[in-house]
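Take a look at the chain below. Keep the sequence and the 3D view side by side as you read.

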Amino acid sequence: MTTMKKYFRIIFILITILQVSSCSNDEGDKGDKGDDPIETPSNNNNPNNPTDTPTGNNGGNNSTETSIYGGVWVRLLGPSGDETDIAIGGIKGEAPDRVYMCEKKGSVGLYKGTISGDVIVWDSEHGLPNSQVKLVGNELELSYPSVSWSIPTMYAKGSWSGGCVPLEISVGTGTDNGQVLFWTETDLGVGSITVTCNGINKTMNQYYTSGSPSCGSTGAANFTLAPGDYSYTASGGTLLWSGTITVTAGGCLKTQLRSSDAGGATGAGQAMFWTQTDLGVGAITISCNGITKTINQYYSSGAPSCGAAGGANFDLDPGTYSYSASGGLLTWSGTITVTSGGCSKMELTSSGAEGGSTGTNTGQAMFWTASDFGVGSITVTCNGSSKTIDSYYSSGVPDCGATGGANFNLDPGTYSYSASGGSLKWSGNITVTNGGCFKMQLTH
């Protein structure tokens, strides 16, 4: 009976590992640093911080091993929801290389083993494969190399919860260091923000509208540091921050970065030009302060944030600037005012355009077909110009300027047209309006 219980326990543990693997995202538990589904994991390829490396006086022949990994590590929550504490070395009444692992969810129970180098060999009674550990920045990565489908899991320095058994830990109890979190409450329109503290760079790529997140939350910039005073700098787009923080043992210090507190090389701000609809003129070129940028996307749901891809974004010192823009036969010009740390947005519309070389606004006419008539390309002649229809749109009416249609840029007015393809012929009149897009479907 005892043997059967042992085998059932082994099977249960392996099934739990498989469940963790199947419910983890593509980055695996390595990217799981929070159980909030809206949080997006950030990438951290920063070097190790020497002050974050656990140290301890473990004695014996195993002092080298446990001085690197020694202390208490708490699993970072991921999709599996498993909660695990690991104590490596320094356990009162145990050998210096002794390891305890407390599983509080999943395969609940206390597991014991020993560490040699970076390998943990679990006691045979548990039936667990060997684990491998390594430091990744300030965190501990634990994996099962012999289990091909297992996912590495990440741990941060912490405190033994006592959920499985009370322990007295003599090294790396988690009160040696403190945590620091940098965060933003709103989208500051500058993309990701890089925070540098104690020679380490971390990235903020998410904001929290509902209030400050917990230390360790993904999307924020998290540091684990020895108690003391540290200076920091942060930058995103044209915004710059700097200051000092005080880290306390076992504490969690949260620092919010606000645009109102930011400076810049010269107190710079941003200007963004955008369109809400497809104006049918292709890419629009913007020139401002001697710099040229391109609008190659439109935002039908409203003004995007400064720095958004597809808009024309400029980083400028505070002041008023002249700009000019052109796309097809449409042109724009005017002034835009930039404030320190601000975001000025200018929407370009067809009604606000100044027209092309004729000095008057123009419109567009497009001829198209919804099916293949079997006559090859169709030639359309209008106002003395000939264009070709060489594809069809079975899913609906295309936009003016779409490839495959016959597109004309014309001054406002009424025009006659003729079209032919094989034995098929068409003719009629169209009316072009100022800044408008007239679409004529040829049918058979």
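How many aromatic pairs does a search of the whole structure find? The search finds seven. Keep in mind that this is a predicted model.

**One pair in detail**

A pair of aromatic rings is described by the distance of the centres and the angle of the planes. Take Phe367 and Tyr417.

Where do the two partners sit in the chain? Phe367 belongs to strand β23, which covers residues 363–368. Tyr417 belongs to strand β27, which covers residues 413–421.

Phe182, Phe223 and Tyr232 come together in one aromatic cluster. Rings also meet charges here. In each case below, the charged end of a lysine sits over a ring.

| Charged residue | Ring | Distance to ring centre |
|---|---|---|
| Lys157 | Trp73 | 5.3 Å |
| Lys387 | Phe408 | 5.0 Å |

**A lysine on a strand**

Now turn to Lys425. This residue is found in strand β28, which runs over residues 424–432. Is Lys425 buried or exposed? Lys425 is exposed, with a relative accessible area of 65%. The cut-off for exposed is over 50%, so Lys425 qualifies.

Which residues does Lys425 touch, leaving out those up to four places away in sequence? The answer is Ala419 and Ser420. Val380 is 45 residues from Lys425 along the chain. The C-alpha atoms of these two residues are separated by 9.8 Å.

**The whole chain**

The chain holds 444 residues, and buried residues make up 44% of them. Its accessible surface comes to about 20,800 Å². Carbon and sulfur atoms account for 47% of that surface.

What share of the contacts between residues at least 6 apart in sequence join residues at least 24 apart? The share is 58%.

Methods. Residues are numbered from 1 along each chain as its sequence is written. This is a predicted model: local features need pLDDT of at least 70, side-chain atom pairs count only at pLDDT 80 or more; totals for chains, interfaces and linings use all residues. Side-chain values use heavy atoms; hydrogens and water are left out. Buried means under 20% relative accessible area, exposed over 50%, partly exposed in between (1.4 Å probe, protein chains only). Contact means heavy atoms within 4.5 Å. Accessible areas come from the Shrake-Rupley method with a 1.4 Å probe; for residues, only the protein chains shown count as cover. Rings of Phe, Tyr and Trp (its six-membered ring) pair if their centres lie within 6.5 Å; planes under 30 degrees apart count as stacked, over 60 as edge-to-face and the rest as tilted. Helices (H or I, at least four residues) and strands (E, at least two) are DSSP runs, numbered from the N terminus. A charge sits over a ring if NZ of Lys or CZ of Arg is within 6 Å of the ring centre and within 35 degrees of the ring normal.
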